[in-house]
Amino acid sequence: MSPNDAYLMLATFLIPLGTAVLLMLVPSKERSAIIGITALASFAMFVIALYLFVNYDFEGPQFQGVKAWTWMENAGVLGERGIQLKVGMDGIAAPMVLLTGIVIMPGTWVSWKLHHRTKDFFILLYLLVAGVFGTFVMLDLFFFFLLYETAVLPMYLLIAVWGSTRKEYGAMKLMMMLVAASILIFTAIFAIFTEAGLGTFDLPSLFAADYDPRMQKIFFPMIAIGCGTLGGMFPFHGWSPDGHASAPTAVSMLHAGVLMKLGAFGIIRLGFQILPEGAAFWAPALIFIGITAALYGAISALRQTDLKLMTGFSSVSHMGYVFLGLGTLNVVGMTGAVLQMFAHGVMTALFFLLIGGMYDQAHNRDIPNFSGMAKQMPIWAIFFILAGLASLGLPGLSGFVAELHIFVGVFRAYPIVGGLAVLTAAITATYLLRMFAAAFFGEFNPRWSHLHEITWAERAGAAVLAIAILTLGLWPSPWVDRISTTLAQTIPGVAL
Amino acid sequence: MSDLNFDYTLLIPELILAAAAGFVLLADAFRRELRLNRTLLPGFTVLAAAAAGLSSLAWLDTTDDFATLLAVDNFTAFFRVLFAVTLVTVVIGSYEFVAREIRHQGEFYAMLLLATLGASVMAAAQELLTAYIGVELLSFSLYVAVSLAKRDTRSGEAGLKYVLLGGVASATLLYGLSLIYGAAGSTSYAEIGEAFAAGTANVELPLVLGLVLVIAGLGFKISAVPFHMWTPDAYEGAPLPVTAILSATSKAGAIALLLRLFSGPLLPVKDDWQWMLAVIALATMVVGNLIALQQTNIKRLLAYSSIGQVGYMLMALATVSDASASALLLHLGGYTVTNLAVFMAVIAFYNRQRSEAIADFRGLAETNPYLAFVIAAGLFSLSGMPLLAGFTTKFILFQAAAQDGYLWLVSIAVVMSTISLYYYLQVIRLMYVREPDGAPTPDPQTGRLDRPNLRWRTSPASYAVTALLLLGTIAIGLYAAPLLEAADDAAAVLFPT
């Protein structure tokens with residue numbers, strides 16, 4: 001990766017930010033202009049993300065395309081290189097950037113259907129995307145956290161204004177839980193900066209600094225819970241099913257698909273990379289939380305009848321696998337965790353896209369109300385089944401690759417937990433297959449004869465996500481190479 | 001003080017303010033005879049404030065003093081500019097408001113000028129009595145300004161309450177200062193510092209008593225808990241522009257005075273007062289933010305939220321180091337800009353809707369999207385959300401306090417800052433999620449509706465002022481380096497290395 005790719009990394013978050021500002025200047029009536037601008041911007045983000053992912057050379061140094069611009073230094077608490085705008089990617093950030101690029105494009109397409117304050121919606125959505133991209137490529141702790149919070153900030157209005165079912169409640173619950181979780185991250189960041197004593201927020205310097213093991217053990221859980229809340233970590237996931245159920249389609253897609261990964265990414269960046277001894281100490285707790293979340297989410301999903309709530313709990317379960325993989329402390333398991341972040345991202349985005357495409361027509365998401373939908377909406381059903389099969393880990397699809405890595409890692413570290421993890425996969429298969437049988441097959445319910453096939457924009461978006469699912473499932477090595485080399489190089493104490 | 005050939009040029013900014021106040025009063029008295037244009041008084045006030053602010057830049061990076069009573073250095077310049085900016089914005093942003101809602105406009109503008117003068121003296125003072133005169137000049141001007149609202153009985157009540165309680169606080173402060181004088185044997189900051197550095201064993205009791213009284217008296221001025229009781233009533237009763245000055249100039253002046261006092265003459269006895277400030281900081285941030293949760297009037301909400309903000313600033317005062325002093329000045333700058341943005345937007349709202357009830361902000365995003373955006377951005381900034389001034393300045397402020405060993409207090413401050421988001425979100429929810437009065441709900445199928453045109457526009461003056469303040473809020477949020485460097489230069493005066 002050439003040093004000039006740093007400008008492309010800047011572009012990943014400056015494009016959405018600039019688009020948001022540009023949209024403010026466009027009159028709300030000019031729908032075609034809004035659609036044109038967002039089409040262009042989302043396509044550009046997708047292409048850049050793909051280029052950055054492909055160009056990351058896993059045989060090269062850990063951080064590539066690093067470039068720093070001095071922002072503030074030598075004043076007050078800040079020493080040399082105090083706060084810099086510093087970008088760069090490692091093999092963990094690369095797939096996350098790609099994931100964001102893949103999800104935002106269909107997310108933009110399906111949002112063109114909105115007619116209520118469309119412009120404001122895109123401004124907030126792109127602000128969120130800017131925050132997400134920025135967090136993934138940022139190598140300065142101050143900007144990392146600034147952009148992390150930027151990704152959370154627009155959620156309240158996005159859900160409260162454009163959402164459905166109990167939207168104000170869902171929005172407020174989500175916002176307050178996420179911001180409350182940030183309290184822990186804030187505190188941990190201050191402690192890390194003070195303990196490192198370098199006067200800089202430069203992340204690579206902070207990775208290399210020495211921290212007292214006791215301090216690491218105190219502050220790792222703060223980061224794990226603070227970021228974990230955004231990652232839907234059990235038992236701090238309360239905002240997630242309600243938030244997802246009430247959010248509009250594109251927001252659910254981005255939120256479950258990308259924003260929750262920001263949480264897990266934060267645990268890796270701030271937890272594992274800065275405080276490795278703390279992480280090693282608390283790894284068994286991550287295993288416990290991970291397996292509990294996986295089981296709890298899967299069992300709860302069994303009981304849900306609202307499609308979105310089911311997907312929401314299924315997300316809690318799948319994110320449980322991520323924490324399980326991280327807790328194994330071996331490269332296979334942790335690679336699986338990052339793979340799962342990607343796999344769950346594209347899969348769940350596809351789920352929410354399809355649920356939204358149906359709900360916009362039917363205004364109903366209750367599974368028992370549907371049957372034989374495959375006859376009325378075959379294309380929709382095919383995509384839905386593909387996402388479902390990826391979710392339950394069918395070989396050849398993305399979920400399988402990720403879960404296989406995690407299971408291997410867990411069996412190596414904690415064989416009994418590995419058994420429970422496989423049980424979870426079985427429960428996942430149960431609720432998904434049962435839902436397919438109930439909703440897609442069987443006798444067609446004539447109440448839904450007015451429903452149409454999903455729109456062309458939705459089909460195209462679903463196709464993009466489906467291609468991602470298939471590519472990772474059939475040709476996982478580009479992902480595995482990047483992730484596993486970075487993990488093995490950078491996290492001390494992680495066994496091969 | 002042997003030399004009587006004082007360099008009066010050092011006081012040019014203050015002299016400009018004083019002369020302008022006198023001119024405004026006289027011009028107002030003869031306005032009928034002279035057939036004065038009604039824009040003359042505010043226009044002249046703005047010019048005077050701008051001249052005072054600009055002329056104070058002449059002493060950047062120099063250190064001089066006026067007969068050891070007033071110091072003229074980067075610290076003073078920082079505050080002179082801050083106060084000038086505040087006055088200019090408030091006068092421009094509230095021009096229409098004043099024309100309609102204020103009795104005795106001449107007195108109003110003169111009082112604002114004198115309040116600014118008092119605050120400058122507080123920031124520059126190098127001697128206890130001079131500081132006290134600054135405090136009283138600021139306070140008396142504001143006592144009058146608070147009660148100048150037309151047709152609003154709350155205004156007189158607020159003025160009376162403020163003057164009575166303020167009088168008690170001033171007496172407390174004066175008593176405290178006299179005890180410190182007794183303990184140190186001098187009123188000059190430099191000599192007090194030397195006296196205390198030499199040992200305080202035999203004056204411990206009057207010293208501690210004096211510190212308690214000084215903190216109580218100045219705590220009243222910055223509305224620190226438990227001396228905050230007057231704040232909500234005074235804020236609510238005062239005309240909006242005066243509320244803005246109360247929350248900006250008055251607080252910043254007292255903070256400047258505290259900073260000079262505690263980082264200089266009282267630094268040697270820091271063990272005696274550090275815990276007091278920490279406890280007050282804790283109480284202030286907790287009480288301010290919790291009571292704010294229940295407010296229904298936007299001015300009272302902002303009053304309690306400003307109490308909460310003072311809590312964060314007191315935390316930095318308690319940790320007293322050059323890093324936390326510069327962070328405090330940075331935060332003060334960011335807070336002033338953000339807070340003024342909110343106040344000027346609320347004034348623009350009031351000009352049109354004649355209401356201060358939070359419930360009346362319902363649907364503002366439909367009726368005036370620009371103003372709703374300014375208020376939302378300002379409130380998000382006050383709660384410390386990113387891309388805005390509040391995030392960056394709080395981040396640096398909290399980091400500085402954490403670095404000085406107050407991580408426990410910082411973690412509580414972060415919790416309180418999160419709670420503050422909840423009540424700010426209530427206002428934002430009303431503006432963005434609710435429909436305005438008289439608007440039909442959109443058709444759920446198509447989202448289209450034929451709504452009556454409820455849009456209204458902000459006046460050009462309000463528009464310009466709020467836009468500038470909004471840009472300032474965003475600029476500080478994204479690139480705080482210039483302000484941080486200015487703050488650092490100002491703080492460096494207090495902690496010479």
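**Exercise 1.** Find the residue of E2(A) that is the bridge partner of A:Lys67, and describe the strands involved.

*Solution.* The bridge partner of A:Lys67 in E2(A) is A:Val87. The model is predicted: local features need pLDDT of at least 70, side-chain atom pairs count only at pLDDT 80 or more, and totals for chains, interfaces and linings use all residues. Residues are numbered from 1 along each chain as its sequence is written, with chains lettered from A and ligands numbered from 1 in the order in which they are written. Next, take the pairing: strand E1 (residues 64-72) of chain A and E2(A) run antiparallel, joined by six bridges (strands pair if DSSP finds at least two bridges between them; strands are DSSP runs E of at least two residues and helices runs H or I of at least four, numbered from the N terminus). Last, burial: six of the seven residues of strand E2 (residues 83-89) of chain A are buried (20 or more other C-beta atoms within 10 Å of the residue's own, C-beta atoms being placed from the backbone).

**Exercise 2.** State how helices H7 and H8 of chain B pack.

*Solution.* H7 (residues 128-146) and H8 (residues 153-184) of chain B have axes 9 Å apart, at an angle of about 175° (axes are lines fitted to C-alpha atoms over the stretch in contact, and angles run from 0 to 180 degrees between N-to-C directions). H7(B) is therefore roughly antiparallel to H8(B) (an angle over 145 degrees). Residues in contact (C-beta atoms, placed from the backbone, within 7 Å) include B:Tyr132 of H7(B) and B:Tyr162 of H8(B).

**Exercise 3.** Which helix of chain B gives the most to the side that touches chain A?

*Solution.* The contact takes 29 residues from chain A and 37 from chain B. On the side of chain B, H19(B) gives the most, with eleven residues.

Note on methods. Two residues are in contact if their C-beta atoms, placed from the backbone, lie within 7 Å. Angles under 35 degrees count as roughly parallel, over 145 as roughly antiparallel, 65 to 115 as roughly perpendicular and the rest as oblique. A residue is buried if 20 or more other C-beta atoms lie within 10 Å of its own, exposed if 12 or fewer, and partly exposed in between; C-beta atoms are placed from the backbone.
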